[in-house]
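Open the model in your viewer and keep the selection panel handy. We will go from stop to stop, picking residues and looking at what surrounds them.

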Amino acid sequence: PNRGRARQKPLLLALKGRVIDVSAGADFYGPGGPYGIFAGKDASKGFAMMSLKEEDAHSDLTGVDDDHLKILDDWYSKLTGKYPTVGHVA
């Protein structure tokens with residue numbers, strides 16, 4: 001997956017299975033950016049838990065409580081409102 005190193009390719013991440021193009025936010029999601037760990041994957045759990053740990057940057061929400069699922073919903077609304085959707089994770 002492109003994590004921002006290939007500038008000619010879009011910078012993508014997914015939340016709740018929805019793939020968004022965050023190329024316009026490369027300062028945040030690209031290499032060296034504060035959220036660069038999320039690029040190139042569905043990082044729903046990381047967003048839900050507000051965690052920048054590699055082990056939380058995945059899509060499995062098993063065991064995530066309702067308060068953290070609400071945080072994920074807030075991130076989802078913010079990012080899908082700001083960046084274009086380009087697909088869905090199969």
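A search of the whole structure finds 3 salt bridges, a salt bridge being a side-chain nitrogen of Lys or Arg within 4 Å of a carboxyl oxygen of Asp or Glu. This is a predicted model, in which local features need pLDDT of at least 70 and side-chain atom pairs count only at pLDDT 80 or more, while totals for chains, interfaces and linings use all residues. Residues are numbered from 1 along each chain as its sequence is written, and side-chain values use heavy atoms, with hydrogens and water left out.

**Stop 1: the salt bridges**

Select Lys 16 and Asp 73 to begin. The closest N and O atoms of this salt bridge are 2.7 Å apart. The pair links distant parts of the chain, 57 residues apart: Lys 16 is in the loop between S1 and S2, and Asp 73 is in helix H3. Helices (H or I, at least four residues) and strands (E, at least two) are DSSP runs, numbered from the N terminus. Lys 16 counts as partly exposed because its relative accessibility is 41%; Asp 73 is partly exposed too, at 34%. The classes are buried for under 20% relative accessible area, exposed for over 50%, and partly exposed in between (1.4 Å probe, protein chains only).

Next, pick Glu 54 and Lys 41, whose salt bridge has its closest N and O atoms 2.9 Å apart. This pair also links distant parts of the chain, with Glu 54 in the loop between H2 and H3 and Lys 41 in the loop between H1 and H2, 13 residues apart.

Now move to Lys 70 and Asp 74, whose side chains meet in a salt bridge of 2.7 Å, N to O. They are 4 residues apart in helix H3, so about one helical turn separates them. Lys 70 is partly exposed at 48% relative accessibility, and Asp 74 is partly exposed at 42%.

**Stop 2**

Show S1 (12-15) together with S2 (residues 18-21), which run antiparallel and are joined by 4 bridges. Two strands pair if DSSP finds at least two bridges between them. Leu 12 has Asp 21 in S2 as its bridge partner, and Ala 14 stands opposite Val 19. S1 and S2 form a hairpin with 2 residues between them.

Lys 16 has a positive phi of about 50° although it is not a glycine. Most residues other than glycine have a negative phi. Met 50, in the loop between H2 and H3, likewise is not a glycine and has a positive phi of about 55°. Met 50 is exposed, with a relative accessible area of 59%.

Val 19 stands opposite Gly 87 in S3.

**Stop 3: a buried aspartate**

Select Asp 42, in the loop between helix H1 (26-29) and helix H2 (44-49). Where is the nearest side chain of opposite charge? Asp 42 is buried yet has no salt bridge, and that nearest side chain, Lys 16, is 10 Å away. (Lys and Arg count as positive and Asp and Glu as negative; His and the chain ends are not counted.)

Draw the distance from the side chain of Asp 42 to the backbone nitrogen of Gly 17: a polar atom of that side chain lies 2.9 Å from the nitrogen. The side chains of Asp 42 and Ser 44 are joined by a polar contact of 2.6 Å. A polar contact is a pair of N or O atoms within 3.5 Å; within protein, one must be able to donate a hydrogen and the other to accept it, and residues adjacent in sequence count only if both atoms are side-chain atoms.

**Stop 4: the core**

Finish with Leu 13, Leu 15, Val 22, Tyr 29, Phe 38, Phe 47 and Leu 79, the residues with the most contacts inside the largest nonpolar core, which has 19 residues. Such a core is a set of buried Ala, Val, Leu, Ile, Met, Phe, Trp, Tyr and Cys residues joined through side-chain atoms within 4.5 Å. H3 (66-82) is among the elements that each supply at least two of its residues, and H3 gives the largest share, 4 residues.
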